[in-house]
Structures are given as structure tokens and as C-alpha cells.
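Biologist: I have a few minutes before my next run. Walk me through this one, please.

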Amino acid sequence: MGLQAYRDVLRVRDVRRVLLLSLVMRVPMWAGMVIMTLHVVTQLGRSYGAAGLLVGVATVAATISGPWRGRRLDRVGLRAAVLPSLVILAACWSVAPFVGYWALFVLAFVANLFIVPSFSIVRQALMHAVDDSRRRSVLAIDSVMVEVSYMIGPAVGVLLATYWVTSWALFACELASIAGGLLMWIVNPPLRAPADEGTEAVSHAVPARMWVTRRVVAVLSMSAAATVVLTGTDLGVVSAMRSMQHQSWIGWELAVWGLGSAVGGLIYGVLRRPVPVAVLLGLLAGTTLPVVLAQDAFTIALLLFVTGLFCAPIITATVDALSRAVPERVRGEALGWHGAALTAGSAVGAPLAGVAIDHAGWHGGFTIPALIGLAAALGGAAAMRSRRGDRLLKPDMTVSEWVDA
């Protein structure tokens, strides 16, 4: 199959259009997160602790937002779900960059509660645009695009904050992200099959008990565990470079890790058979552990590239597995829970890795999260093998079929 799979996917007009829109939405989003921290510390004169608290609260709001915004996508469609978000976001971010800390705190929380569910929209639109045999390939491309936007966004944010007043830089980035959401609203890419849209979809909500199965819970749990490992690795790299007196190398160490992730994502997308989520999580955690044996920055970079090969694939695999374990009608809500699981894993992983580093040095930032990842992989493998309590779910079932089942 090889690169031909990607050529076939990228020939689809809707795929190219959605991927471009995803960059327009995500790059300023990542840039805005960096600028918000710099804005709090420089222009508002607050501590990094205050900046971290603001980012943390905004993250909590985004976590809460994911499932219910995804549910709105399922019930009323893209345009009806996104339009109120665009209005509220425009109102909040037109004011937030120019007020004091506590007003910014409140406005950022409200804005993130109504954030446009870009990840859910993009992934649903991409999966709809291709046939089932190309789903992994298109999701792999999306994972690489996420890596690209994450590399570009913070750099753009730092550049804007360096040469521009941070309040206006924050205003520009947030409005640019909103403009991306507006373009997505205008384009209105289809998210599911026409037979599952319309009044029937709105009038029949599928109860959670019908699709939240053992398999779904296992995938979400392993998604959270994956970001525990990734967050631990992130902090572990920072701590290791500081300990080795190579603080200036942090950026390129993380860049090598990101390169490995992009390469791994592209390879995974063209495999003939999907690798089970539990296996990928085990490989991610298992290749993270040897980093503690490194004695110098070059060895760490080499090992980071290896563990990076499984970063994008584990995210792609969890999205793919989750999309196949639920009916298409509730895919938006399910992907919203997926995003919440990733965020929750990061929220747990950061303080956990920090405590481990405080007590065991930089090695703890890799060891404890990796052991948690291995434990989650073993538990997830057992849960995925067991069919007890699971219904046979068909992603192409209509709401009526589900109600009558």
C-alpha cells in the first residue's frame, strides 16, 4: 500500500479542505496558549504560578466542554452547534486581552466552555470523506498535522509576543482561531452519512448505556494513560537537560521526539493491519523506560526518537478504535470524551511526574508515568479481549435501528 494510500487520501477534495482548515484553527490556538502565559507574566505583572493557574482552569473548562459540545454536534449538526460558540468566543476574546487578571480568568473559563470542538469536527469530517479502508491513513495524516501545528503555533506565539504588545498578540491569535471556526462553519463539511442526519437524528438521542461499553471505557482509559506517559516524558526531558547543564538543548530534544512521532504516524497510517491500542501503549511506555539509562543528551535524543515513533500512532489508534466501537450517530460525543480523556491524562501526568522528579530526580519523570502506561496497557488488553457486557456495535447503524435493537 505504502505512500499510495496517502496519495489516494489526499486526492479527495474534502480531505484537503478539512486539513487546511484544521491548520487555520489549530496554529493560532497553540500560539494563543503560549501568549496567554507571557501576557500574564509580563503585561499583567503576575507570577508564573498565576499564569499556570489560569492555563489550568482554562484546560479544565475545555475538558468539561468536549463531551457536551460533541453531543451538540451529534444532535443538531455542525452549523447549529458551532454558531453560538463563535458568538460567545468573539465576545469573550474581544475583551479578555485588555482586562485585569481576574476578569481574564473568568472570561477565559467561559470561552473554553464554549470552545469550538475542532478536533472532533476535523476527525469526523475526515472519516466521513474516505471509505473504511482508508480511515487509518487519513487519521494518521491528521495526527501529523497536529504535530505540525503544535510545532508552528508556539513559535509563532513567542515571535508575536516578542515584537508586539502581548494583549494585541493574544487578541490577534484568538480572533484568528475564531475566524478558522467561522470558515469551518461556512464550509460545513458533512460529519456522517446522510441517512443518519436530519430530524430523526435530532429527535432520537442514543442513551449512553447503549454505547458506553467495556471496550469504549478501555480505549478511553488507555488514551488517558498515553498522555500521562507523554506529559511525564515532556517534563522529564526538561528536568534531564537542566540536570545535565544543557538547558539550551531542551528545544531540539523535544523536536527530535516530535520528529519521531511524525515518522511513526506516517508509518502507522500505511500498515496493512491495525496494531491493537494496548500493544501500542505498551510499546510507548516500554520504550520510554530505557531513557533513564542514558548518560548524555545525545543518547537521550536517540531514545526519544525511538519512543516518539509510538506517540502519534497511539493517538491515531485510539481515535480509530473508538470510532469503530460506537455508532456513527454518537461519534461526536464519543470523540469529545476522547479529548477529555487526553486532557485528563495530561492534568494527572504533570503533577505526578513533578512529584516523581522531586523525589527521584529526572529519572522519575520517565519511570513512574511509563510504569502507569504499562499497567494500563495490560488492563486494557484484558478488557479488550473480554466481550462480557458488550453489545455488537455497527458504526453505520441508523438511530432507528439502534432504538429497535
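Modeller: One term before we start: buried means under 20% relative accessible area, exposed means over 50%, and partly exposed is in between (1.4 Å probe, protein chains only). This is a predicted model, where local features need pLDDT of at least 70, side-chain atom pairs count only at pLDDT 80 or more, and totals for chains, interfaces and linings use all residues. Residues are numbered from 1 along each chain as its sequence is written, and side-chain values use heavy atoms, with hydrogens and water left out.

Biologist: Fine. Is threonine 288 buried or exposed?

Modeller: Threonine 288 counts as buried, because its relative accessibility is 2%. It lies in helix H12. Helices here are DSSP runs (H or I, at least four residues), numbered from the N terminus.

Biologist: What does threonine 288 touch, leaving out residues up to four places away in sequence?

Modeller: Val229, Thr233, Thr307, Phe366 and Ala370. Touching, or contact, means heavy atoms within 4.5 Å.

Biologist: And which backbone oxygen lies 2.7 Å from a polar atom of its side chain?

Modeller: That of leucine 284. A polar contact is a pair of N or O atoms within 3.5 Å; within protein, one must be able to donate a hydrogen and the other to accept it, and residues adjacent in sequence count only if both atoms are side-chain atoms.

Biologist: How do H12 and H16 cross?

Modeller: The axes of H12 (residues 277-288) and H16 (residues 362-385) come within 8 Å and cross at roughly 160 degrees. Axes are lines fitted to C-alpha atoms, for helices over the stretch in contact, with angles from 0 to 180 degrees between N-to-C directions. The two helices are therefore roughly antiparallel, a label for angles over 145 degrees. The crossing is left-handed, meaning that the near helix is turned anticlockwise from the far one by less than a right angle.

Biologist: Which residues meet there?

Modeller: From H12, they include Ala278, Gly282 and Gly286. On the H16 side, Phe366, Gly373 and Gly380 are among them.

Biologist: What about H12 and H14?

Modeller: Their axes come within 9 Å and cross at roughly 160 degrees, with H14 covering residues 311-325. That makes H12 roughly antiparallel to H14. This crossing is left-handed. Val277, Leu280, Leu281 and Leu284 in H12 meet H14 residues including Pro313, Ile314 and Ala317.

Biologist: Switching to H6. Is arginine 123 buried or exposed?

Modeller: Arginine 123 counts as buried, at 9% relative accessibility. It sits in H6 (residues 118-129). Beyond neighbours within four places in sequence, its contacts include Asp142, Ile315 and His338.

Biologist: And where is serine 120?

Modeller: Also in helix H6. Serine 120 is buried, because its relative accessible area is 7%. It touches Leu73, Gly332 and Leu335, not counting residues up to four places away in sequence. The backbone oxygen of glycine 332 lies 3.5 Å from a polar atom of the serine 120 side chain.

Note on methods: Angles under 35 degrees count as roughly parallel, over 145 as roughly antiparallel, 65 to 115 as roughly perpendicular and the rest as oblique.
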